[in-house]
Every structure is written in structure tokens, then in C-alpha cells.
Amino acid sequence: MLKKILRGLFTIIGFTLGYIIGENAIGSEILSSFSYFQGSSIKTALFILLSTILFGLILFLISPWIIIVIEKVMDYIERSIQKVPTNEVLIGTFGAIIGLGISALFVNLLARIPVVGVALAVVVAVVMAALGANIALRKREDILSLFSNIKRTGASNKEKKAKSHKGGDPKVLDTSVIIDGRIFDICQTGFIEGTLIIPNFVLEELRHIADSSDGLKRNRGRRGLDILNKIQKELNVDVQIYEKDFPDIAEVDSKLLKLAQVLNGKVITNDYNLNKVAEFQGVPVLNINELANAVKPVVLPGEEMRIQIIKDGKESGQGVAYLDDGTMIVVEGGRRYIGTIIDVVVTSVLQTAAGRMIFAKQKDSLE
């Protein structure tokens, strides 16, 4: 149906074009010099009629090829637009309108230039529209954040407080903390409030790790994907997949920090280096390792405990044991008790960046 309409439209355009050309040709100096057309209105009308029919027939015959080109262009534009998210289309259009508005300030002046003025004005308008759309797309996250902040500012203080109390800040999950798996247990206890944000670029990184030829990496990637599925299916936690990316930023850690800034949220990680960079950039971070160290039971010098020596220590005669939470206990003279359960007394506690380390001696040796 569309082809028939377009073909009829092109035929009408051909008739109109032929009529205009024929009428202008009769009035031109070239044809007026011929005595054949002078003083004969019938011949003049016949010439215009033949010109109208000729151009209408020409466009009628070539219209199928023109329609094919138009359909291909329309299909290409449609496929290109489908690949672009709706918000990017709207933001790009907004930027193009701003660019056209700015160009309107001096396009009229350019149009007054003889000969090339109109063409130059059109070129400048197109360039300004393209430049405005490009700048808007590059700053789309900042624009969305700006509108989000305006909307948030327009809400009343009471609504803000209620929303904050109910939902909490968005929590952006790092790849390392997903693979670690403890985030599932923490969410299960209800200590994490707000929406868990899973960026699409983090999922891509997990997928690449799960497809790795290295067996250890492959198992870690699959464990991370399993943890995400468990969180989404077994826990009553709001989980959202963030589809947008930051193509101008190469590293995943930098993208995470940028996303946390855009969403006004916090990053959950157990990466020490990411934690330090986030502190430098002023991005709030929840570190799982810091939480684990904070909730370990406090052990004071002089306390007694019963432990099992697992292996020998670095120094001569030392034995090593572990608490249920993974805390290492170094026992002086405990090497000869490997594999047995003994009573020890804590002598000192050392807190390091890697965790807590307890030093102890066998109880009988102190008596």
C-alpha cells in the first residue's frame, strides 16, 4: 500500500514539475525566439501539456527504484534507532534543538551573504545541531543526574525522610564482592537496606571470567553468577540491572565509582585498592572485609581458649590454629601438638590490614 501511495505521489510531483518547466521554458528567451510558438496559444498549451505528461511519465517509471532507495534508508534508520535507548534519543534530540536555537542567533546574518549565504547558513545550522546532540549524549549521565536532583529537590522534606528511611541508598555491587559470596549472607540477615544495583558491565566481566580457560577463574565466575541468582530468587531484596554503560571510561572500577556518583549510592566491595580510590574521590564505600573484622569477637590478653593445632608456623616451634571466623592463632611451642586439641592462653593480639592475628602460649607452660 505504501509503495502505491509513494508511486502516485512521485507521479503527481512529475506532473507538477513538468508543468512548471514547460511554463518557464515558454517564457524563456530560447523558445520565444522561435516563430513556431509566437502568436499561437494552442501550440503553447500543447507544449506545456506534453512537458507535464513527459515528466510525469518519467517519474512514474523511475519511482520503483526511488522507492527502493527510500525503503532501504528507512530500514537503516529504523534499525539504528532501535539499537539506541529511548533516553539517548530524547537527550540527543534535546541537544540538537539547543544547537539549532544557538545557530538561529547568527544564521540570519549568514543568509544575507550573496551567492553562498543560504547554503552557508544551512551548513552551520546542521553542524550546530549535530554538535549539540553529540555534547548532550556525552553528558547524558550528568543530565539525567541533574533532572533527578531537581526532582528530588522539589519533593518535601517529609517525603525525603520517609523515602530515605524506607529504602536507603542504592548499593552498587563490585565484581569481587559478588564472587566472594558473603554478600548473600549479609543480605539474608537484613543489614543491607536499599536497592542492590548490578551494573551490566559487571555482569559482562563475570561472564568473561566464567568463560575463562583457567579452571580457577572459571569456577570463580560461575560462583559469582550463582550468588546473583540466589540473591534474586531466594531473598526479599530489590535487585536492579543497570543497563547503561560509560563508554568513555575503560576500567570497571572507575565505572563503578562513576555509577555510584550518578545514583547517589554506595559501592559494596572487598577490594582494598578500590576502597582507597573511592575515599579519595569522596564516594561512600561499604567494605565487606572491614565489616568482617568489626564483628569478630574481641579477644583480650589473658583469656583462655581451647583450639586444635592445624600446622606449623613460620618461626621455629610455632603451631598455627584457626577460629571459626578464620582468625589465625599462633601458639608458641605448639608445633609438637599438631593435630591435637590443647588449652592456650592469649598473650597478645595484633590487628593488621589483612585481619586480626592472635598470639598464645600453651596453658600448662604458664603454670
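**Reading surface, helix and loop in a predicted model**

Me: Which residues make the nonpolar surface patch of about 760 Å²?

Reply: In this predicted model, the patch is made by Leu54, Leu57, Ile58, Phe60, Leu61, Ile62, Trp65 and Ile68. Take Leu57 as one of them: Leu57 lies in helix α3 and has 45% relative accessibility, so it counts as partly exposed.

Me: Is Ser63 buried or exposed?

Reply: Buried means under 20% relative accessible area. Ser63 has 0%, so it counts as buried. Ser63 is also part of helix α3, which runs over residues 41-83. Leaving aside residues up to four places away in sequence, Ser63 touches Arg7 and Phe10.

Me: How do I read which side of a helix faces inward?

Reply: Start from the geometry: an α-helix has 3.6 residues a turn, so residues three or four places apart point the same way. Here, helix α11 (residues 215-234) is a case to work through.

Me: What span should the 20 residues of α11 have?

Reply: At 1.5 Å a residue they should span 28 Å, and the end C-alpha atoms are 28 Å apart, so the two values agree.

Me: Which residues of α11 are buried?

Reply: Gly221, Gly224, Ile227, Leu228 and Ile231. They cover an arc of only 115° around the axis, and therefore sit on the same side of α11. The face turned away from that buried side carries the exposed residues Lys233 and Glu234.

Me: What covers the buried residues of α11?

Reply: The cover includes the helices α8 (175-180), α9 (182-189) and α10 (200-210), together with the strands β2 (196-199) and β3 (239-242).

Me: Where is Asn264?

Reply: Asn264 is in the loop between α12 (252-263) and β4 (266-269). With a relative accessibility of 39%, Asn264 counts as partly exposed.

Me: What share of the contacts between residues at least 6 apart in sequence join residues at least 24 apart?

Reply: In the protein chain, that share is 61%.

Terms used. Residues are numbered from 1 along each chain as its sequence is written. This is a predicted model: local features need pLDDT of at least 70, side-chain atom pairs count only at pLDDT 80 or more; totals for chains, interfaces and linings use all residues. Side-chain values use heavy atoms; hydrogens and water are left out. Contact means heavy atoms within 4.5 Å. Helices (H or I, at least four residues) and strands (E, at least two) are DSSP runs, numbered from the N terminus. Buried means under 20% relative accessible area, exposed over 50%, partly exposed in between (1.4 Å probe, protein chains only). Patches are made of residues with over 30% relative accessible area and no salt bridge: like charges are joined within 9 Å, nonpolar side chains (Val, Leu, Ile, Met, Phe, Trp, Tyr) within 5 Å. Accessible areas come from the Shrake-Rupley method with a 1.4 Å probe; for residues, only the protein chains shown count as cover. A salt bridge is a side-chain nitrogen of Lys or Arg within 4 Å of a carboxyl oxygen of Asp or Glu. The expected span of a helix is 1.5 Å times one less than its number of residues. The arc is that of the directions from the helix axis to the C-beta atoms.
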